[in-house]
Amino acid sequence: MKQNPTLQATPSFAPSGLPRRTFLRGAASVCALAAVSNSTPLQARSTSAAAVAVKDSDEIIFMSATKLAALLRSRKLSAREVVDAYIGRQIAIDDRLNAVVMTCYARARDEATVLDQRAKRGDFAGALHGVPMTIKDSFDTEGVISTGGTYGRQQYVPKKDAAVVARLRSQGAILLGKSNTPEFTLGGVGGINTTGNMLHGSTHNPYDLTRTTSGSSGGAGANVAAGGAAFDIGSDIGGSLRLPAHMTGTAALKTTAGRVPRTGHIVDYGGVLDSWQQLGPLARRVQDLALLAPIISGPDFRDAACAPVPWADPAAVDLAKLRVAFYPQNGLSKVHEDVQRTVSQAASWLGEIAASVNQDCPTALIQDLHKARGQLAMGDGWAWYQRLAKKWGTNHLSPTMAEAVTAAKPISSSAFAEAAEKADETKSRLLSWFAKYDVLICPVAENAATLIDWDPAIVSDWSGVLSDVGTFNSTGWPVAVVRCGTSADGGMPIGVQIVAAPWREDIALAVARYLEGRSGGWVPPSIV
C-alpha cells in the first residue's frame with residue numbers, strides 16, 4: 001500500500017437521486033456529514049481483520065466463546081468451573097434483567113461433570129466442549145419448557161431439540177436456560193418498548209435498566225452482554241436478532257436465507273413469508289460468530305428451503321480489495337445524529353483500508369420493498385398469526401397483537417399477488433444495484449436504546465421505521481452487526497449493519513471484525 005497518497009472526493013449521485021461521495025482507498029475520512037480533505041496523510045495498515053482484533057478478557061464470564069473453548073480443550077479450565085461461573089453470574093443479575101426465563105442448572109452441572117471426565121481421557125465432545133449457552137425461548141429444547149412467550153405453551157416440554165440446538169449440543173455446548181422473547185417472537189406488551197410477554201414480563205438493558213433491549217431476541221442480547229452466557233442463538237424476521245445486538249452492544253450474524261434450518265423454531269418454515277425468517281448467533285465477539293455459524297449451518301432434510309452451500313473462511317477475505325457502500329440514513333425515517341455519526345465513522349475506518357468507499361443509498365428500492373413487505377405481512381389480516389396461536393392452543397393473544405389483528409384489513413388476492421410480484425422485482429433490482437459493491441454499511445435502527453416507557457410521539461413518521469432491517473429479511477442477504485459507537489446522551493451502545501451478497505457471510509464477518517478492532521466492540525455493561 002502506498003503511503004501519503006493524495007486523493008480527491010468526487011461528488012456523484014446514487015440511482016435514488018441522493019447525493020453520493022466517492023472515496024478511493026487511502027482516504028483519511030469518508031464522513032458523510034463533512035467535506036474530506038484531499039491531502040490527508042495515511043499510515044500503512046494491514047489488510048487483515050485479525051491484525052486489529054480487540055484484546056480478549058481473562059474473566060470467564062466475559063471472555064470470548066472462542067477463547068473459552070480453547071482453555072477448556074487445553075484443560076486449563078474445567079467445564080464444571082465454567083458452568084458454575086455463568087450460573088453464578090445469571091443468579092447475580094437476572095432479578096434485574098429478567099433475561100433468562102427458564103433454567104436447567106442441575107442438568108447443566110451434570111453435563112459439565114460428564115464432559116470433564118471425558119476430557120481427562122483426552123476425549124472431547126467437539127468444538128464447543130463445555131461452553132455454556134442460553135437459547136432464545138422460541139426454539140425447542142429437549143426436556144426444558146419452551147414457551148415462545150405464549151400462554152398455550154406455558155407447560156410445553158419438547159421431546160427433541162430444534163435443529164440448531166441439537167447441532168450445538170453435539171459439539172459440546174451446555175444449555176443453561178432459555179432467553180426471553182415476545183409472544184411468537186412478534187407480539188409484545190402494550191405500552192412497553194422492550195422484549196416482553198404476558199408470561200414472563202419485560203427484559204431490561206444491562207447498560208441502563210430503564211432502557212429497551214428491543215426484540216425479539218432481547219433476552220439473548222441482554223444476557224450475553226452482561227456475561228450470563230457465552231452465546232445465544234436468535235431468529236430474525238424483521239430485525240429481531242440485529243436490533244437487540246445494536247441495543248446491547250453485542251455482535252450478531254443474520255445468515256443468508258436458506259443457510260440455517262429453522263426446524264424446531266416456533267415460527268419455522270413454510271408459507272408466503274417463509275424466506276423472511278433467518279437464524280444466527282449472538283455473542284460478545286465477532287470471532288465467535290465465525291465459530292458458531294458453520295456449526296448450525298447446512299440442510300437438516302426437514303427445512304425445504306435450506307441449501308448445502310459451502311462456508312467460506314472470513315480470514316481469507318482481503319479487505320483491501322473490497323468495494324464498500326454506506327449511508328447514514330435511507331431517507332425514509334429520521335435517524336438520530338449519533339447513529340449517523342457512528343455509521344460515517346465506520347465508513348471512515350474502512351476508507352483507510354478498502355479499495356473504495358462510496359456514499360450510496362437505493363432509497364427508492366428500499367421504499368418499494370418496504371411497502372410490498374407491509375402488504376404481504378398484513379395482507380391476510382394476520383390470519384397466519386391466528387393460525388399459529390390456534391396451533392399452540394393460545395386462546396388469548398397478547399394485547400398488542402390482539403389490537404393489531406382486530407385493526408387489520410385484509411387485501412384482495414390480486415393485490416396480494418401484485419405485492420409479491422413487486423417484492424420479487426425489487427429484490428432483483430437491489431441485486432443489480434449491489435453488483436458494484438461487496439459490502440454495505442448502514443444503520444440498524446433510528447436510535448440507540450430508548451426508554452422502556454417510551455413515548456411513540458418522538459417518532460414523527462412511522463412509515464419508514466425499521467426499513468433498514470426489514471429490507472434484508474426480504475432479500476435474505478447476510479448481515480452482521482457490531483458495536484461501533486456510543487450515544488452522546490446516555491452512553492448506550494450503537495451498532496452498524498454490515499451487509500453482504502447472498503452466501504457471503506465471510507465478507508460480512510471479516511469487515512465486522514475489522515470494525516470491532518477499530519471501535520473496541522462490546523464493553524462490559526454497568527450492571528454488577
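**Figure 1. Cysteines without a disulfide.** Zero disulfides are present in the structure, a disulfide being a pair of cysteine sulfur atoms within 2.5 Å. Cys361 takes part in none, and the nearest cysteine sulfur, belonging to Cys442, is 8.2 Å away. Seen from Cys442, the closest cysteine sulfur is that of Cys361, and this distance of 8.2 Å is too far for a bond. Cys361 is buried at 3% relative accessible area, and Cys442 is buried at 0%. Here buried means under 20% relative accessible area, exposed means over 50%, and partly exposed lies in between (1.4 Å probe, protein chains only). The model is predicted, so that local features need pLDDT of at least 70 and side-chain atom pairs count only at pLDDT 80 or more, while totals for chains, interfaces and linings use all residues. Residues are numbered from 1 along each chain as its sequence is written, and side-chain values use heavy atoms, with hydrogens and water left out.

**Figure 2. The chain as a whole.** The secondary structure comprises 14 helices and 15 strands; these are DSSP runs numbered from the N terminus, with helices (H or I) of at least four residues and strands (E) of at least two. The chain has 528 residues, of which 58% count as buried. Among contacts with a separation of 6 or more, 77% join residues 24 or more positions apart, where contact means heavy atoms within 4.5 Å. The chain exposes about 19700 Å², and carbon and sulfur atoms supply 54% of this area. Accessible areas come from the Shrake-Rupley method with a 1.4 Å probe, and for residues only the protein chains shown count as cover.

Figure 3. Rolling a probe the size of a water molecule over the atoms shows where empty space is left. A search of the whole structure finds three cavities of 30 Å³ or more. On a 1 Å grid over the protein atoms alone, a cavity is a set of points where a 1.4 Å probe fits but cannot get out, whereas a pocket is an open set with protein on both sides within 12 Å along at least five of seven lines; lining residues have an atom within 4 Å of a point. Grid points are joined across faces, edges and corners, and a volume is the space filled by probe spheres set on the points. The second largest cavity holds about 40 Å³ of space. Its lining consists of Gly149, Thr150, Tyr151, Glu183, Asn197, Met198, His396, Leu397 and Ser398. By class, this lining has three nonpolar, five polar and one charged residue. Ala, Val, Leu, Ile, Met, Phe, Trp, Tyr, Cys and Pro count as nonpolar, Asp, Glu, Lys and Arg as charged, and the others, Gly among them, as polar.

**Figure 4. The second largest pocket.** This pocket has a volume of about 400 Å³. It is lined by 18 residues, and those closest to its centre are Val267, Tyr269, Gly270, Gly271 and Trp384. Helix α10 (residues 383–391) gives the most to the lining, contributing four residues. The lining divides into ten nonpolar, three polar and five charged residues.

**Figure 5. The loop between β7 and α5.** Ser214 lies in the loop between β7 (201–202) and α5 (218–225). Ser214 counts as buried at 16% relative accessibility. Leaving aside residues up to four places away in sequence, Ser214 touches Thr194, Thr195, Leu243, Pro244 and Met247. Ser216 is also found in the loop between β7 and α5. The peptide bond that leads from Gly215 to Ser216 is cis, with omega near 15°.

**Figure 6. Ala251 in strand β9.** Ala251 belongs to strand β9 (residues 251–254) and is buried, with a relative accessible area of 1%. Ala283 is 32 residues away along the chain, yet the C-alpha atoms of Ala251 and Ala283 are separated by 5.4 Å. Beyond residues up to four places away in sequence, the residues touched by Ala251 include Ala245, Pro281, Leu282, Ala283, Leu289 and Val481.

**Figure 7. Two residues with positive phi.** Thr185, a residue other than glycine, has a positive phi near 70°. Thr185 sits in the loop between β5 (174–179) and β6 (196–197) and is buried at 4% relative accessible area. Trp503 is not a glycine either, and its phi is positive at about 75°. Trp503 is located in the loop between β15 (493–500) and α14 (505–519), where it counts as partly exposed at 26% relative accessibility.
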